[in-house]
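User: Hello! I have just opened a model I have not seen before, and I would like to understand the terms used to describe it. Could you take me through it?

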Amino acid sequence: MSTVDYSNGDHSNSELLLEVDDLWLEFRTSDGVAKVLNGVSYNVHAGETLAVLGESGSGKSVTAQAIMGIVDMPPGVITGGEIRYHGEDLLKLSDTRRREIRAEGISIIFQDALSSLNPVYTVGFQIGEQLRLRRGMSRKEAQKRAIELLDMVKIPNAKGRVKQYPHEFSGGMRQRAMIAMSLALDPEVLIADEPTTALDVTVQAQIMDLLKEIQVERQMGLILITHDLGVVAEVADKIAVMYAGRIVERAAATELYRMPGHPYTLALMDSMPRLDQRGQTLNTIKGLPPSLLNIPPGCPFAPRCPRAQDICTVELPESKDLGLGRTSACHFAEELVNRV
Amino acid sequence: MGRYVIRRLLQLIPVFLGTTFLIYVLVWAVPGDPFAGMCGERPCEPGFIAKMNEKFHLDDNIFSQYFQYLGNLVQGDFGETYNGNSVGELIALRYPVSVQLAALAVVIEAIIGVIAGVLTGLRGKGFLDNLVLVSTLFLISLPVFVTGFALQILLGFELEWVDPVVSSDPTLGELLLPAFVLGSLSLAYVARLTRTSLMENKRSDYVRTAVAKGLKPSRVVGVHLMRNSMIPVITFLGTDLGSLMGGAIVTEGIFGIQGIGKMTYDAILQKENITVTGVVVLLVIVFLIVNLLIDLLYAVLDPRIRYE
Amino acid sequence: MSDPTAASTAVDSAGAYVTAAEHAEPTTGKSRSLWSDAWRNLRKRPTFIISMVIITFMIILAVFPSMFTSADPTHQDLQRQMLKPSADAWFGYDFQGRDIMAGVAHGAKWSLLVGFFASLLTVLIGGTVGVIGGYAGGWLDGILSRIGDVFFGLPFVLGAIVILSAFRAAGLKSAFGLVIVVVLVISALTWPVAMRIMRSAAISAKQQDYVKAARALGANSFRIITKHMLPNCMAPVMVYATILFGATIGVEATLSFLGIGLRAPAISWGVMIAESRDYVQHAPHLLLFPAGFLVLTVLAFVMLGDAVRDALDPKLR
Ligand SMILES: Nc1ncnc2c1ncn2[C@@H]1O[C@H](COP(=O)(O)OP(=O)(O)OP(=O)(O)O)[C@@H](O)[C@H]1O
Ligand code: SF4
Ligand SMILES: [Mg+2]
């Protein structure tokens with residue numbers, strides 16, 4: 001798919017930028033309390049790509065929103081944990097300080113670029129807005145910089161495009177504009193929440209290439225939220241797999257692909273379409289994730305897990321350290337990893 | 001944009017012709033003798049009838065009557081009353097106060113309605129929200145003439161804060177109460193429209209983006225949320241200005257304002273058909289033009305419209 | 001409420017309900033329809049319960065007025081002219097010495113009849129034209145929309161006055177005839193609003209996959225409209241109809257106030273209010289009771305419309 005090859009690497013020696021540590025979050029709605037995040041932990045270093053995988057509703061986006069501080073509150077309530085940026089807990093910062101970190105320290109790209117861009121302002125205005133307000137640029141300078149940014153994300157005829165409205169852009173161009181906007185203040189960490197889901201396959205590959213290229217160039221930390229295991233294999237350095245508001249497995253990308261350490265990861269990989277098995281029916285994961293309003297005791301994956309034993313419905317598996325920066329929340333993690 | 005304007009203009013023509021023709025037919029082609037009761041209690045004099053028949057071509061068929069009327073209208077001639085007064089002049093005399101009244105009503109709607117809507121829309125559920133919901137519910141349920149009566153009795157007769165009826169050449173201050181009455185229903189709609197519009201957009205993706213960009217809350221609300229949320233409200237206010245100019249009959253009646261509504265009402269009762277037709281045609285023109293302007297304004301406010 | 005065409009804004013955007021239909025797709029595997037979901041939500045709303053109690057009471061009042069009063073609403077007795085409310089006559093007597101409570105009880109029928117038939121007719125005409133225009137599109141839609149614009153362009157009160165005074169000249173005497181004329185006039189001037197709401201709902205429904213599928217399979221237009229589109233387009237129009245029911249009661253009162261709506265023998269609340277006009281300063285109870293019942297009824301319908309709309313909109317749940 002991708003034309004550029006970026007080898008998956010180890011960045012654990014680079015600077016640690018962002019760390020989510022045992023984050024708990026719930027939504028208190030009229031239907032009840034939905035426990036959406038139940039102790040999520042992950043981190044990202046400079047120049048590193050962390051891919052966050054998981055079924056719809058597993059809490060990937062909510063974690064990202066919590067990092068940005070844009071969860072709807074109410075109904076959302078953070079009930080525990082820390083989010084550290086350069087070692088400083090964001091949750092304890094003042095609103096003003098928090099605001100300063102947005103876009104300059106940590107930036108985000110949303111899935112649906114059309115609805116995420118304001119329909120009544122030109123693309124140039126929306127990119128330049130932050131430059132004017134936060135970098136004190138004049139309207140002219142901001143416009144010039146916006147054109148450079150659009151050029152950087154490879155939008156043809158950036159000079160003309162900068163004066164257009166989002167609806168005049170194609171889907172791929174909108175996502176590029178969104179990327180340009182999120183990079184305007186040179187953030188250290190970029191969160192990309194399913195940046196390519198709404199696009200067709202060739203455009204997906206182009207956008208991923210672009211993101212990766214910019215990341216390498218700027219040595220940014222990239223948190224890539226996605227459903228697409230194919231994308232992950234090519235760009236991720238490490239992977240966190242989420243299920244029902246928990247990280248069930250964390251591993252270096254190569255390791256995880258070589259030998260998944262959690263039955264849910266295995267099932268995910270099985271459900272992925274593969275070129276060498278074309279025509280076969282896909283092994284979709286049977287059943288549904290548990291209702292977050294009422295998570296049963298034991299392992300949340302138990303009702304769907306082919307390896308479940310009696311203990312699984314009684315005792316919640318702790319996240320176990322398997323060495324080499326690898327963790328898995330399964331009672332039988334060691335057996336899985338040491339299979340062969 | 002240019003094509004959009006032209007298309008709207010072209011659509012206006014059949015609507016203008018249709019509406020004015022409809023009025024013409026309704027006023028003139030009623031079954032029975034058009035002159036019955038027209039000259040007060042006495043039957044009309046034959047000479048007068050003949051003159052009128054000739055002037056309005058009443059012996060021709062309705063289509064040719066209508067087009068001859070339209071021809072005069074285009075030349076700015078609204079015709080004459082039976083007493084020989086120029087309808088155009090009558091209108092010119094009465095129109096200003098009605099325009100003032102309608103404009104004042106829209107201003108009141110805009111100020112109170114938008115403030116109430118913004119306060120509740122931004123804050124969400126709570127005491128204020130319930131208060132606004134309940135009070136708008138009441139305003140919507142009260143027919144304008146009941147609101148008018150009630151306020152006239154209370155403020156005019158009981159408390160004597162204002163004169164129950166306005167003078168013949170009313171100042172803006174005197175028009176304040178009538179304008180509030182006239183705009184009360186729309187005021188409730190403006191408050192509700194603003195509230196829902198804000199609540200919907202508050203959760204929208206682009207507002208989230210604006211927050212994620214690290215903009216101050218005042219800028220997120222003022223620049224990103226307001227601009228989008230006020231589009232339907234502004235449209236509503238504009239349309240209202242167009243319709244309130246004709247909708248003031250009741251209010252003008254209650255407060256004794258010598259405006260266009262009162263004049264039309266009297267004209268209808270006295271069967272001054274030419275006056276009635278003239279006023280209604282004029283109101284339709286105003287209504288259509290205001291709507292066209294609103295459409296254009298809409299296109300300016302919302303760039304997506306321009307390219308449809 | 002003196003202009004029912006303004007009531008359209010109470011129905012925020014017709015499109016919202018079509019998305020409501022989309023969102024009501026089964027979430028738990030069990031298929032629950034939009035309507036049963038909405039009904040379940042509606043039952044719990046206090047505004048729904050209050051408005052239903054008021055409406056039920058008013059209907060009973062309209063059908064069996066003698067359950068509430070034994071006095072004859074038309075009996076005049078100048079001896080008791082404008083007497084204040086008392087134990088004998090709870091609502092007092094009017095300027096001709098008629099019992100106001102009897103008048104209010106017997107007037108309910110006329111007000112509700114106008115409200116019911118006018119909103120029904122409006123929705124029938126507007127809904128039919130709207131669904132045809134929305135479904136057919138093209139030149140037919142263009143023509144129907146322009147016809148709607150023509151009626152919409154007439155200022156409501158003025159249009160009603162012109163038409164009604166024309167009929168007045170024709171000299172109608174029976175109560176039923178008076179009601180029919182008022183109903184026809186209100187519907188004739190209001191249907192474009194129902195048409196616009198239905199039309200935009202129909203345009204969105206047309207783009208739904210199952211409608212496209214039905215068209216691709218060659219189902220005929222009538223069947224597609226009645227079987228597939230109407231069930232999904234009804235929600236916004238129903239909300240409008242509910243609010244309109246209340247609105248037309250207010251409109252009838254306004255027309256009667258102007259002296260061109262109902263009149264004896266069809267003495268509605270509006271007629272009673274209009275008659276109180278010259279005495280209201282000295283005998284406010286002449287206005288208070290009929291106006292109170294009128295406002296309460298309109299309020300109930302507007303509240304009901306609000307509740308139904310909120311129940312149908314999953315975003316607000
Ligand atoms: N504002 C909110 N109010 C209530 N519940 C919410 C809100 N936002 C998210 N949730 C709930 O939180 C859970 C996790 O949602 P999230 O968007 O993080 O899922 P996701 O993993 O990103 O899924 P997808 O792959 O579909 O984007 C879901 O059950 C969702 O319903
Ligand atoms: S703990 Fe048990 S149920 Fe959970 S994933 Fe492991 S084997 Fe499956
Ligand atoms: Mg998501």
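This is a predicted model: local features need pLDDT of at least 70, side-chain atom pairs count only at pLDDT 80 or more; totals for chains, interfaces and linings use all residues.

User: Why is A:Arg84 called buried?

Analyst: Its relative accessible area is 16%. Buried means under 20%, so A:Arg84 belongs in that class.

User: Where in chain A is A:Arg84, and which residues does A:Arg84 touch, not counting those up to four places away in sequence?

Analyst: A:Arg84 is part of strand β4, which covers residues 76–85 of chain A. With those sequence neighbours left out, A:Arg84 touches A:Leu17, A:Leu18, A:Glu19, A:Asp21 and A:Asp89.

User: Now to the two chains. How do you know that A:Glu129 and B:Lys213 form a salt bridge?

Analyst: The closest N and O atoms of A:Glu129 and B:Lys213 are 2.9 Å apart. A salt bridge needs a Lys or Arg side-chain nitrogen within 4 Å of a carboxyl oxygen of Asp or Glu, so this pair meets the rule. Between chain A and chain B the count is two salt bridges, and eleven residue pairs are in polar contact, both residues at pLDDT 80 or more.

User: Which elements of chain A supply at least two residues each to the side that touches chain B?

Analyst: They are α1 (60–68), α3 (113–116), α4 (123–135) and α7 (171–183). The largest share, seven residues, comes from α4(A). By class, this side of chain A has 15 nonpolar, seven polar and seven charged residues.

User: How many residues are in contact, and how much area do chain A and chain B bury?

Analyst: On chain A, 29 residues are in contact with 24 residues of chain B. Together the two chains bury about 2300 Å², with 57% of that on carbon and sulfur atoms. The size of an interface is often given in this way, as accessible area lost when the parts come together.

User: Finally, what elements does chain C have, and what share of its residues is buried?

Analyst: Chain C has eleven helices and zero strands. Of its 317 residues, 57% are buried; each of those has a relative accessible area under 20%. The accessible surface of chain C is about 13300 Å², 65% of it belonging to carbon and sulfur atoms.

Key. Residues are numbered from 1 along each chain as its sequence is written. Chains are lettered from A and ligands numbered from 1 in the order in which they are written. Side-chain values use heavy atoms; hydrogens and water are left out. Buried means under 20% relative accessible area, exposed over 50%, partly exposed in between (1.4 Å probe, protein chains only). Accessible areas come from the Shrake-Rupley method with a 1.4 Å probe; for residues, only the protein chains shown count as cover. Contact means heavy atoms within 4.5 Å. Buried area is the accessible area (1.4 Å probe) that two parts lose on being put together, summed over both. A polar contact is a pair of N or O atoms within 3.5 Å; within protein, one must be able to donate a hydrogen and the other to accept it, and residues adjacent in sequence count only if both atoms are side-chain atoms. Ala, Val, Leu, Ile, Met, Phe, Trp, Tyr, Cys and Pro count as nonpolar, Asp, Glu, Lys and Arg as charged, and the others, Gly among them, as polar.
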